[in-house]
Every structure is written in C-alpha cells, then in structure tokens.
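Subject: Structure handover

Hello,

Here is the structure I said I would pass on. My notes on its pockets, cavities and helix contacts follow below it.

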Amino acid sequence: MRKDNLQDQAYKVIKERIIHGIYKPGSLLKEEELQTDLGISRTPIREAVIRLQNDGLVVIRPKKGILVTEITIDIINSVFEIRTLLETYAAKEYGKYIGKDKLLEFLHYYEADDSSLDGNTTDEFFDYDNAFHLTLMSIVGNPYFLKAYDTIIDQNNRFRILSGLKVDRLVETKKEHLDIIKAGLENNWEKAAHYLEIHFRNSKTALFNCLFYNK
C-alpha cells in the first residue's frame, strides 16, 4: 500500500478513536504502541499525528508521547464561537439557495415522535444533525469555510459523544432545529440565523452541564 494511503488510514483510525473516547482526553499515546496497534509503520503514523495536531485533537510532546487534547471550557467556547459566526453568516447570506425539498426532508425527520430517542438510538439523530448543519455550510461553496468547519465539527462530535447528552436535551435540540427549518421554509433567513444562535447557546450550556457539572 502507498505511504499516503497508509497515512490516511492511520489518520482516520486514530481520529475516530479520539472522537469516540477510545483514546481518552488527557491520555498519552506512544508512537510505538500506535504502530503495533494499527500495524502501520513509523513514518505514516508520524505524519498522521502531525495532521491530528493541526486539527487540535492531539499535542505532540517530544520525548514523551502524543497527548490527546483535553476538553476544556475554553475549547468549547472557541468551537461554539466559530460555529455561530460561520453558520449564522451562511444562513443569512446563502440559506435561500437550499432547496425546499431538502428542508422538507429535515422537517419530516424532526417532526417525528420523540419516543424514538433513547440512549441507544442516537447515531441516526447525530447523522441527521451533522447533515443538516453541513447542508447549510456546503451551500456557501467556499472551500475555506468547509476546511475550517471540518476541524471544529470533529471537536463537536467528540464533545457530544463523550458528554453522553441526555434524551431531554435531544428533544430540545429537535425543537430548535424545527424553528430554524420553519424559518427557512418561510424564506426568513435572518430569523433562521437568530434561531441558530439560540440553538448554539443552549447546546453549549448543555455541554457544560454534562461535562463539568454532572447535570
């Protein structure tokens, strides 16, 4: 296999393990252990780790190892600040280009019965959540937007997986998405952007409560 393919493979596997908490925040990974664990040689592992450091998921500590980035209040604040800036701008300036059929698809999903949500069936919910926000961002068609967004979404996915968000918050999230979508169907994207701000503010508060205050 080509070296760049091995690097991509190592990058994807290590990133997924960080996002899903297999490699826990604050843990120290050893390059040699990663080589053995993944069955990939030193150079692709090293190059993959450099990419992960650029993503903000690890910090390379020379002669010590690879530190999985902690989830801190500052990191959460930074991610939500960027999401709010990018997505509200995208909504106001480009939301009108999202097709009505796509908005209706999301509307039908979020109007479904809340009883389908429980601690074991959230993967589909998160897939729709990612798809909804990515639809909003991708309509901009600006590769620099998407590059910045890719990095913070990795962090966001890690936040919610490790926090174990409660069902009542997922129900609230559905309602917040419905407000955004209905405003979009009215072609009132200023209003949709306002609801996005509320959604991000509530999501950030819920994360703080789960991760730091055990609420």
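In the residue classes used here, Ala, Val, Leu, Ile, Met, Phe, Trp, Tyr, Cys and Pro count as nonpolar, Asp, Glu, Lys and Arg as charged, and the others, Gly among them, as polar. Please keep in mind that this is a predicted model.

Second largest pocket

By those classes, the lining of the second largest pocket has five charged, four nonpolar and two polar residues. The pocket has a volume of about 160 Å³. Its lining consists of Lys30, Glu31, Glu32, Gln35, Arg42, Arg46, Val49, Ile50, Ile60, Gly65 and Ile66. Two or more of the lining residues come from each of helix H2 (31-38), helix H3 (42-54) and strand E3 (65-68). H3 gives the most, with four residues.

Cavities

The model has two cavities of 30 Å³ or more. The second largest cavity holds about 80 Å³ of space. Around it are Ala91, Ile98, Lys102, Leu103, Phe106, Phe132, Thr135, Leu136, Ile180, Ile181, Trp189 and Leu196. The elements giving two or more residues to this lining are helix H5 (100-110), helix H6 (123-138), helix H8 (167-185) and helix H9 (189-212). By class, the lining of the second largest cavity has 10 nonpolar residues, one polar and one charged.

H8 and H9

Two of the helices that line the cavity, H8 and H9, also pack against each other. Their axes come within 7 Å and cross at roughly 165°. Angles over 145 degrees count as roughly antiparallel, so H8 is roughly antiparallel to H9. The crossing of H8 past H9 is left-handed. On the H8 side, the contact is made by Arg169, Thr173, Glu176, His177, Asp179, Ile180, Ala183 and Gly184. On the H9 side, the residues are Trp189, Lys191, Ala192, Tyr195, Leu196, His199, Asn202, Ser203 and Ala206. By class, this contact divides into seven nonpolar, six polar and four charged residues. Ile180, Trp189 and Leu196 take part in this contact and are also in the lining of the second largest cavity.

H4 and H7

Helix H4 (residues 73-94) and helix H7 (residues 143-163) have axes that come within 10 Å and cross at roughly 135°. That angle makes H4 oblique to H7. H4 passes H7 in a left-handed crossing. From H4, the contact takes in Ile75, Ile76, Val79, Phe80, Ile82, Arg83, Leu86, Glu87 and Tyr89. From H7, the partners are Phe145, Ala148, Tyr149, Ile152, Ile153, Gln155, Asn156 and Phe159. The residues of this contact divide into 13 nonpolar, two polar and two charged.

H4 and H6

H4 also packs with H6, at an angle of about 65° and with the axes 8 Å apart. Here too, H4 makes a left-handed crossing. Arg83, Leu86, Glu87, Ala90 and Ala91 of H4 meet His133, Leu136 and Met137 of H6. By class, the contact of H4 with H6 has five nonpolar, one polar and two charged residues.

Regards

Terms used
Residues are numbered from 1 along each chain as its sequence is written. This is a predicted model: local features need pLDDT of at least 70, side-chain atom pairs count only at pLDDT 80 or more; totals for chains, interfaces and linings use all residues. Side-chain values use heavy atoms; hydrogens and water are left out. On a 1 Å grid over the protein atoms alone, a cavity is a set of points where a 1.4 Å probe fits but cannot get out, and a pocket is an open set with protein on both sides within 12 Å along at least five of seven lines; lining residues have an atom within 4 Å of a point. Grid points are joined across faces, edges and corners, and a volume is the space filled by probe spheres set on the points. Axes are lines fitted to C-alpha atoms, for helices over the stretch in contact, and angles run from 0 to 180 degrees between N-to-C directions. Angles under 35 degrees count as roughly parallel, over 145 as roughly antiparallel, 65 to 115 as roughly perpendicular and the rest as oblique. A crossing is left-handed if the near helix is turned anticlockwise from the far one by less than a right angle, and right-handed if clockwise. Contact means heavy atoms within 4.5 Å.
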